[in-house]
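Here is a walk through one protein structure, taken a piece at a time. Keep the model open beside you and find each residue as it comes up.

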Amino acid sequence: MLKENEGQQVFGLKTEEVHSDENQGLLRLQKLRELNADSSWENKDLYRLMFRVDLYITAYERLKSSPGNMTKGSDGETLDGFSLEKIEKIIESMRDQSFQFVPAKRIYIPKANGKKRPLGIPSPKDKIVQEVIRMILESIYDGSSNASSFSDASHGFRAGRGTHSCLNEVRKWHSVNWYVEGDIRGCFDNVNHQMLIDILSKRIKDNRFLDLIWKALRAGYMEKRTFKNSLIGTPQGSVISPILTNIYLNEFDSWVQAFKEIYERGQRKRVNPQYTKIIKERKRIKTGKKEASLETRRDLEKAMFNTPSLLHNDPDYIRIHYIRYADDWLVAIDGPKELAQKFKDEATLFFSNNLLMELSEEKTHIRNARTDKALFLGTEITIGNGAEPVYRKMKMPGTNTVARRRVPTDNITYMYAPESIINRLRSGDFIDGNKNPIAKNAWIDKADWEIVGRYNDILRGYRNYYSFIDNPLRLKFLQYLLQYSCGKTLCRKHQTSLRKLFAKYGPNLKVPCKWDTEGKPVKYISLDLQKSWNKNRFGFKSGHGPTDRMKEGMNLRTRTKLDEPCVICGKPDGVEMHHVKHLRKDKAKGFTHVLQQINRKQIPVCKSCHLDIHNGKHDGKSLSDLYHPGIAAR
């Protein structure tokens, strides 16, 4: 165990700042965040943090409830049975540097375009270690929202940020001429390991910690029963892959910022001389300095509406906007097309020469912002509603006069991109090749309420994601497809017709989900069908902002039950955590019924009681039979 004053030796912590030996690791992460507010700070002795028990407990508490942790890795292990004893063994192997990552289990998941995406399933033990590494890297590179090393343009895999915060920033762009939409070919699979370590070495001066990251990168994977080396790439499914990729691509973010500083110029666009000429002519007529017929006045009024007040292509004014979510990025240029082409060409060279990556030719395009649509994060983005000006009658400020005025047409417009969603529904077996809803055969064995609940989750997910689009009525067709796919799934299950099904349960498919002791339904679930499709241009779901990681870590450390006695027999030693993957409300059997009563997927048990649970010897137990049910329920 580290001595109490090592915090002072490593990070400058004063002894009185270390309130508890149990939380020293978390306190040092907090100090690490403060020190790295200075981007020139060199981080040494980071590897000692891998000896801190509280960091492993926090990592476990963050990962424990994910259903994926009950999927076996290549070593056949799951998170079931995790304990403080296992943490001590990991730390012991860290001290003598004998720790080795197990090759990940490679599987393939379908993509919307019909292709398959490789996914690595690490060993649960490796996930815990990787989470500790991720926490340390986050403290260095992204620990403070006010002094993050990452660019403000980066929104992927960061606390308090996501796709909606990214698209919300794009909504603020105005009057741009060209889009450059980019996609990195096989980004996660083509991160160069040596290049990544070189980038990390700029801030991290601890060879033991860098060697540990090397081990994680070079662990390889098992495809069926064949071991394959991972000479490049950060495998998708790895806990540290997202932050390592962000660190890698932050080099591109910095390059874009330098490009902007070189080419941006001008304070504001010049006034259009033609517009000024029309305004002066109208003023002369209005003040009586010049006579004009009614037809001439109307022509001038029409010309004023149809003429931009500012020069759309002012050669002395250039602005460049940039945003990135993981490996997808979008650039908007208020300037000439030649600059957009220059950016695309130089960005291609930067990826090739500096990051040893390629831009996908099929997904990297230059598009006219006013006539074409840029595809970004499942949306179609353009400027305004087209080339023609839009007019609207408006009440003039401070008066009751209503006048016809031109509506600005240089605002960002988001449209629902139907093709990508249709492809997803088709690959998910919700619709056929002709966009007709079909039964989801894989769900026929589920309870009625569970089928309706799953369709509800999909419906709400799409509605929440597209809550900001300018054509929300298009989502009505998506709702229809899922409504009738749900109906046909229930029809297939009960061997009935749609007409009879909707007559029995209504268009919302209201089915019972809870019954009393006599078998009478007391609670129902139905499809959450939306009737109003009003537009809300800023209806983004951006979360609650950056999380206080220190406070969160302390809370997780305090709530842990890894050091609690067995809830069945009360034995205090040799306790490990019993895990279940899911808590099904009406399908809990055996001892899982006890977990369902306290609504927990993990409880502390001794090894002998844990073995008895898996052998079915505790299937008849109730909550009152537990040695200390309060421990489990807390």
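**Starting from a lysine**

K373 is partly exposed, with a relative accessible area of 43%. To read that label, know that buried means under 20% relative accessible area, exposed means over 50%, and partly exposed falls in between (1.4 Å probe, protein chains only). Before going further: this is a predicted model, where local features need pLDDT of at least 70, side-chain atom pairs count only at pLDDT 80 or more, and totals for chains, interfaces and linings use all residues. Residues are numbered from 1 along each chain as its sequence is written, and side-chain values use heavy atoms, with hydrogens and water left out.

So what does K373 meet in a salt bridge? The partner is E380, at 3.5 Å from N to O. A salt bridge here is a side-chain nitrogen of Lys or Arg within 4 Å of a carboxyl oxygen of Asp or Glu. Side chains of opposite charge can pair when their charged atoms come close. E380 itself is buried, with a relative accessible area of 17%.

Is β10 (residues 379-383) enclosed or open? Five of its five residues are buried, so β10 is largely enclosed by the rest of the structure. (Strands are DSSP runs of E with at least two residues, helices are runs of H or I with at least four, and both are numbered from the N terminus.) In a regular strand the side chains alternate between the two faces of the sheet. In β10, T379, I381 and I383 are on one side and E380 and T382 on the other, and both faces are covered.

Which strands pair with β10? One is β9 (residues 374-376), which runs antiparallel to β10 over three bridges; two strands count as paired if DSSP finds at least two bridges between them. Within that pairing, L375 has E380 as its bridge partner. The two strands make a hairpin with two residues between them, and L377 in the turn has a positive phi of about 50°. Another partner is β13 (residues 412-416), antiparallel to β10 and joined to it by five bridges.

How many salt bridges does a search of the whole structure find? The count is 30. One of them joins D54 and R52, whose closest N and O atoms are 4.0 Å apart. D54 counts as buried at 2% relative accessibility, and R52 is buried too, at 5%. There is also a network of salt bridges that links R62, E131, R134 and E138.

A further pair is D528 and R463, whose side chains meet at 3.0 Å, N to O. D528 lies in the loop between β15 (521-525) and α17 (549-559), while R463 is in helix α14 (residues 448-465), so the pair ties together parts that are 65 residues apart in sequence. D528 counts as partly exposed at 31% relative accessibility, whereas R463 counts as buried at 13%.

Last stop: M222, in strand β4 (residues 221-223). M222 is partly exposed, with a relative accessible area of 21%.
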